[in-house]
Amino acid sequence: MISKNRLTPSGWAIIVLSAATLALGGCGRKGPLDLPPTANAAPATAPGDTERERAAQPSVFNPTYGSDAAPAASKGNKRSFVLDPLLGN
């Protein structure tokens with residue numbers, strides 16, 4: 001019996017391009033967005049801004065915001081799950 005499951009050159013091309021896309025998808029720079037060439041260069045922080053004031057402001061780019069605060073939701077009742085006997089809980 002002859003197998004017909006061999007990849008054609010176009011199949012290999014799709015696999016290689018997909019792998020390259022996934023590998024290069026993580027590349028990039030971490031930092032603020034680049035300004036257009038015609039934009040005036042404004043200072044990144046306001047004058048008098050201290051590190052402590054910036055850490056107290058909520059932001060998508062501020063992972064430390066609220067880390068010292070108590071959890072917002074209380075811990076609920078424990079409900080049983082099918083795998084609990086296997087996990088020993």
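Student: Which helix holds leucine 87?

Tutor: Helices here are DSSP runs (H or I, at least four residues), numbered from the N terminus. Leucine 87 sits in helix H3, residues 84-87. Keep in mind that this is a predicted model, where local features need pLDDT of at least 70, side-chain atom pairs count only at pLDDT 80 or more, and totals for chains, interfaces and linings use all residues. Residues are numbered from 1 along each chain as its sequence is written, and side-chain values use heavy atoms, leaving out hydrogens and water.

Student: Is leucine 87 buried or exposed?

Tutor: Buried means under 20% relative accessible area, exposed over 50%, and partly exposed in between (1.4 Å probe, protein chains only). Leucine 87 counts as exposed because its relative accessibility is 58%.

Student: How many helices and strands does the protein chain have?

Tutor: There are three helices and zero strands, so the pattern along the sequence reads α-α-α. Buried residues make up 3% of the 89 residues.

Student: What should helix H1 span?

Tutor: The expected span is 1.5 Å times one less than the number of residues. For the 17 residues of H1 (residues 9-25) that gives 24 Å, and the end C-alpha atoms are 24 Å apart, which agrees. H1 is hardly covered, with one buried residue among its 17.

Methods
Helix = DSSP H or I, 4+ residues; strand = E, 2+ residues; numbered from the N terminus.
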